[in-house]
Amino acid sequence: MPQIQIEDVSISYGSPDAKTTFKAVVGANLAIEPGEFVTIVGPSGCGKSTLLSAIAGLVPYDGRLTINGAAVTGPGPDRAIVFQDASLLPWRTVHGNVRFGLEMQRKPRKFIRERAEHFIEMVGLNAFARYYPGQLSGGMRQRVNIARALAADPQVLLMDEPFGALDAQTREIMGGELLRIWEAERKTAIFVTHDIEEAIFLADRVVVMGRNPGRIKDVIRIDLPRRRT
Ligand code: ADP
Ligand code: ADP
């Protein structure tokens with residue numbers, strides 16, 4: 001059974017009086033298997049972020065959207081989301097940021113420390129664990145964000161243009177790093193981008209969203225041999 005099922009999902013933005021509504025996503029259908037790496041690609045404004053936010057439980061939707069058979073009715077520890085702009089806590093170090101989600105889950109201190117160290121090492125930031133976000137480059141801040149998301153042990157990793165603010169070369173490096181981490185962790189991953197090359201490079205499967213409005217036009221199965229690193 002698919003882990004994530006999206007059936008006839010529509011998402012509208014509107015004023016509270018509902019006099020003006022704008023349909024950002026109309027009748028989307030998509031099923032995602034556990035452990036799949038799916039990229040959603042399409043032009044700016046076609047509804048990719050909106051659909052991802054609905055999966056994250058951050059925006060209400062019409063239709064059916066389930067994770068492991070249960071309807072999405074809000075955010076939950078089974079999902080972690082990484083945004084383009086690293087939403088790191090500026091007054092906490094790298095280590096403190098990665099610990100944050102686990103502290104919210106009230107895990108034991110030793111467990112938290114060891115898990116944070118493990119994921120900081122995985123994203124290659126050992127030497128920077130005591131740095132503050134303001135002392136890091138954009139690429140490094142996104143590494144911290146990915147480490148923080150993974151440390152919280154979600155079943156599904158949602159990423160909304162996580163490398164969108166980085167230069168082309170750093171994007172490529174980060175893409176390779178992300179795949180290496182994903183190979184080790186095998187989380188279900190949904191990655192939104194407007195960059196078709198990035199979408200193809202990363203994905204097991206590329207989902208294309210079109211305009212008029214936010215419809216998933218086609219689902220293309222791309223069977224590439226997995227790169228082994
Ligand atoms: P994408 O991620 O593909 O660039 P978005 O999901 O961000 O697209 O946006 C889809 C459409 O919904 C766009 O036309 C955008 O202007 C609109 N939209 C996005 N967020 C809001 C919001 N909070 N309120 C009103 N309209 C929004
Ligand atoms: P950006 O290109 O956005 O500035 P990068 O993540 O490529 O960010 O980092 C820029 C610099 O930070 C690198 O040249 C390197 O000196 C340092 N750096 C980044 N990642 C690591 C790492 N894993 N280990 C050690 N140093 C790193």
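How far is an oxygen atom of ligand 2 from a polar backbone atom of Met140? The distance is 3.5 Å. I'll come back to that ligand.

Some ground rules. This is a predicted model, in which local features need pLDDT of at least 70, side-chain atom pairs count only at pLDDT 80 or more, and totals for chains, interfaces and linings use all residues. Residues are numbered from 1 along each chain as its sequence is written, chains are lettered from A and ligands numbered from 1 in the order in which they are written, and side-chain values use heavy atoms, with hydrogens and water left out.

Ligand 1 now. A residue is near a molecule if one of its heavy atoms lies within 4 Å of it. The residues around ligand 1 are Tyr13, Phe22 and Ala24, then Pro43, Ser44, Gly45, Cys46, Gly47, Lys48, Ser49 and Thr50. By class, that shell has five nonpolar, five polar and one charged residues. For these classes, Ala, Val, Leu, Ile, Met, Phe, Trp, Tyr, Cys and Pro count as nonpolar, Asp, Glu, Lys and Arg as charged, and the others, Gly among them, as polar.

Next, the polar contacts, meaning pairs of N or O atoms within 3.5 Å; within protein, one must be able to donate a hydrogen and the other to accept it, and residues adjacent in sequence count only if both atoms are side-chain atoms. A backbone N or O atom of Gly45 lies 2.7 Å from an oxygen atom of ligand 1. A side-chain N or O atom of Lys48 is 2.9 Å from an oxygen atom of ligand 1. For Ser49, a polar backbone atom is 2.8 Å from an oxygen atom of the ligand. On its own, ligand 1 has 570 Å² of accessible area, and the protein covers 58% of that. Accessible areas come from the Shrake-Rupley method with a 1.4 Å probe; for residues, only the protein chains shown count as cover.

Which elements give two or more residues to the shell around ligand 1? They are strand S2 (21–32) and helix H1 (48–56). Helices (H or I, at least four residues) and strands (E, at least two) are DSSP runs, numbered from the N terminus. H1 gives the largest share, three residues.

Stay with H1. Eight of its nine residues are buried. Buried means under 20% relative accessible area, exposed over 50%, partly exposed in between, with a 1.4 Å probe and protein chains only. Among the buried residues of H1 are Lys48, Thr50 and Leu51. Gly57 follows H1, and its phi is positive, near 85°.

Back to ligand 2. A backbone N or O atom of Gly124 lies 2.5 Å from a nitrogen atom of ligand 2. A polar backbone atom of Gly139 is 3.0 Å from an oxygen atom of ligand 2. Taken alone, ligand 2 exposes 540 Å², and the protein buries 51% of that.

Now the rings. Rings of Phe, Tyr and Trp (its six-membered ring) pair if their centres lie within 6.5 Å; planes under 30 degrees apart count as stacked, over 60 as edge-to-face and the rest as tilted. The count comes to four aromatic pairs. Why is the pair of Phe37 and Phe191 tilted? The ring centres are 6.3 Å apart and the planes are at 40°, so the pair is tilted. Phe37 is in strand S3 (residues 37–41) and Phe191 in strand S8 (residues 188–193), 154 residues apart. Phe37 is buried, at 0% relative accessible area. Phe191 is buried too, at 0%.

Phe128 and Tyr131 have ring centres 5.0 Å apart and planes at 65°, so that pair is edge-to-face. Phe128 is partly exposed, at 27%. Tyr131 is partly exposed, at 34%.

Ring pairs also link Phe37, Phe163, Trp182 and Phe191 into a cluster. The charged end of Arg186 sits over the ring of Trp182, 4.3 Å from its centre. The rule there is NZ of Lys or CZ of Arg within 6 Å of the ring centre and within 35 degrees of the ring normal.

Last, Arg186 itself. Its phi is positive, about 55°, although Arg186 is not a glycine. Arg186 lies in the loop between H5 and S8, and is partly exposed at 40% relative accessibility.
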